[in-house]
Amino acid sequence: MEKLFFGKGLLFRFILSYTIFVIAVFSISGWFFYRYSQSTLEKELEMRLLNIAEVVASTIQVNYLMRLEPGDEDTPLHAFLIRNLEKIKDASKARDIFVFDRQNRVLLDADMEVPIGKEYLLLKLDLAELETVWQGIPSASTLYWGMDGKLYKSGYAPIKDEKGNIVAVVGIEAGAEFLEIVNKLRTQMLLIGLFSIAVAVIISFVIARSIVNPLNRFIYAIETEAMPSKVDIKAGGEIGFLAERFNQMVDKLNEKDRLLQAMYEKEKARADSISEMSASVAHEIRNPLGAITGFVELLENKVANENGKALIENILFEIKNLNHIVTDFLSFAKKPSLEIKETDAESFLDSIINSAIAAKEFKDIKVKKTIAPNLQLHVDLIEMRKAVFNIVINALQSMTAGGALSISTEKKDSNIEILISDTGKGIPKEIEGRIFDPFFTTKERGTGLGLAIAYKIIEAHKGTITFSSEEGKGTTFIIRLPIRPI
C-alpha cells in the first residue's frame with residue numbers, strides 16, 4: 001500500500017484555505033448585499049411616507065383643523081376630517097395617520113386611539129426629525145420596533161396656513177414589511193452559502209488530490225529505495241513536466257550508478273590482486289629472513305671478539321625489526337577471517353594491558369581500569385586482541401615522560417564502548433584526518449600500520465573507532481562494538 005508522506009497535511013491545508021476563501025467571499029458579499037438591499041428599500045419606504053404625508057398635509061383644510069377642541073370627537077367636523085384620513089390610510093396601506101401641534105398634542109388620529117388635545121409621548125423619540133419638520137422640511141424617523149414586535153417607520157410633513165405659517169404636522173406610520181423579505185433572502189443566501197461551501201470542499205478535495213497524489217509518488221520513489229525509481233504519472237501541466245524531468249534524472253542516476261559499480265568492481269579486483277601479491281611478496285621476504293637469522297646466530301657462536309658480537313647483535317635486532325614490519329604488512333594485506341567467540345571483557349582487557357605494560361620503557365605509566373563486571377564481548381580473540389593492543393601501545397608510546405593510561409567500558413544502546421585514554425602529547429589538528437591511513441606515522445621507527453590494522457579489524461566486527469584529542473593533554477580512543485554477535 002502506498003504510504004502518504006505529507007498528503008494529509010497538504011490536503012487539509014488546501015481544503016481549509018479554499019473553504020475559508022469561499023466563506024469569506026460569501027460572507028462579505030452577502031453582508032454588502034444585505035446592507036445595500038435594506039438601505040435601498042428603507043429609502044424607498046421613506047420617500048413613500050414623505051409623499052403620503054405631503055399629500056395629507058395638502059388635503060387638510062387648516063381652518064377646519066384649527067376649530068377642533070378637546071371633546072370634539074363626536075362632532076360632524078371631526079368625523080368629516082377623519083373620513084378623509086381613513087381614505088388615504090386605506091389607499092396607502094399605512095398603519096396610522098395622525099396630526100399634532102407644536103406641543104405634540106394630537107389634533108386628529110385616524111385610528112382614534114389618542115383623543116384630541118392629548119400629548120403623543122412616542123413623538124419624543126423623534127425630536128431631531130420633528131425639529132427639521134417644524135423648520136418646513138419633511139423628515140422621516142429611523143426604523144423602530146413596535147409593541148407587536150414588528151419594525152416601523154414614520155414620515156412627517158408640515159401643514160401650513162394661507163400665510164405659509166406651519167400650524168401642525170402630519171405623521172404617517174407604516175410597517176417595514178420589506179425587511180421580512182430581506183430576512184428571508186438572508187436565510188436563502190445562508191443556505192446557498194452552505195451549499196457553496198460543501199461544493200467548494202468537494203472541488204478543493206478533488207484538486208488537492210490531483211496535486212498530492214503525484215507528489216506522494218515522487219516522495220515514495222525517493223524515500224523507499226537506495227536509488228530513486230521512476231514514477232508513473234500521466235498528467236499535463238507542471239506536474240507532468242516535473243514527472244518527465246524526474247524520470248530523466250532517474251535514468252541518468254542509474255547510468256552513473258552502473259558506471260560507478262563497474263569502476264568499484266574493477267578497483268576491488270585490482271586491490272585484491274595487489275593484496276594477494278603483497279602477501280606473497282611478504283611471505284617470500286619472511287622465509288629468507290628466517291634463514292638469515294639462523295646463519296647469524298651460528299656465526300655468533302664462532303665469533304669471540306666483543307666488537308664482532310656487538311655487530312651481530314645489531315644485525316639480529318634489525319632482522320627482528322624487519323620481521324616485525326613484514327608481520328604488520330601481512331596483517332594489513334590479508335582480509336580478517338573472524339571466528340567470533342564470547343569472552344569476558346575484564347579478563348580480555350587485563351591480558352592486553354599486562355602484555356603491553358610489561359615492556360621496560362613503560363614502567364613509569366600508571367594504569368586506571370573501570371571495567372564493568374560480567375560484561376561479555378563477542379569478538380575474534382586473536383584479531384581483536386591485535387587491534388586493542390595496537391591502540392594501547394600507541395597510547396603508551398605517546399607518554400614518553402610517563403603518565404596515566406585509563407581504560408573503561410560501558411553499555412550504550414545496542415553497543416559496548418571501550419574507552420582508551422592517555423595523558424600524552426595529543427594529536428595535532430592538522431594530522432587528525434590521517435591517523436588511520438596506512439603507512440602514516442610520526443615516529444622515527446614504525447610502519448604506520450598499527451592504527452590502520454586496528455581500524456580494519458574493528459570495521460570487520462561491524463564496529464567503529466573514533467577519537468578525541470587535545471594537544472598537550474592527551475587522546476581518547478572510543479571503540480564501539482555491537483553487543484550481539486555478528
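Arg95 lies over the face of Tyr152, 4.4 Å from the ring centre, where a charge counts as sitting over a ring if NZ of Lys or CZ of Arg is within 6 Å of the ring centre and within 35 degrees of the ring normal. The model is predicted, with local features needing pLDDT of at least 70 and side-chain atom pairs counting only at pLDDT 80 or more, while totals for chains, interfaces and linings use all residues. Residues are numbered from 1 along each chain as its sequence is written, and side-chain values use heavy atoms, with hydrogens and water left out.

**The sheet**

- Five strands form an open sheet in the order S8-S10-S11-S13-S12, with mixed pairing; strands (E, at least two residues) and helices (H or I, at least four) are DSSP runs numbered from the N terminus, and two strands pair if DSSP finds at least two bridges between them.
- Strand S8 (365–370) and strand S12 (464–470) stand at the edges with a single partner strand each, so one side of each is left without a neighbour in the sheet.
- Neighbouring strands of this sheet are turned by 15 degrees against each other on average, direction ignored, with axes taken as lines fitted to C-alpha atoms and angles running from 0 to 180 degrees between N-to-C directions.
- S8 and S10 pair in the parallel sense over six bridges, and Lys366 has Ala404 in S10 as its bridge partner.
- Strand S10 (residues 403–412) pairs with strand S11 (residues 415–422) in the antiparallel sense over eight bridges; Thr409 stands opposite Ile418 in S11, and Leu405 stands opposite Asp422 in S11.
- S10 and S11 form a hairpin with two residues between them, and Asp413 in the turn has a positive phi of about 55 degrees.

**Aromatic pairs**

- The structure holds nine aromatic pairs, for which rings of Phe, Tyr and Trp (its six-membered ring) must have centres within 6.5 Å, planes under 30 degrees apart counting as stacked, over 60 as edge-to-face and the rest as tilted.
- Phe100 and Tyr156 form an edge-to-face pair, 6.1 Å centre to centre with 85 degrees between the planes; Phe100 lies in strand S1 (residues 96–100) and Tyr156 in strand S5 (residues 151–160), so the pair ties together parts that are 56 residues apart in sequence.
- Phe100 and Tyr156 are both buried, where buried means under 20% relative accessible area, exposed over 50% and partly exposed in between (1.4 Å probe, protein chains only).
- Phe98, Phe100, Tyr120 and Tyr156 form one aromatic cluster.
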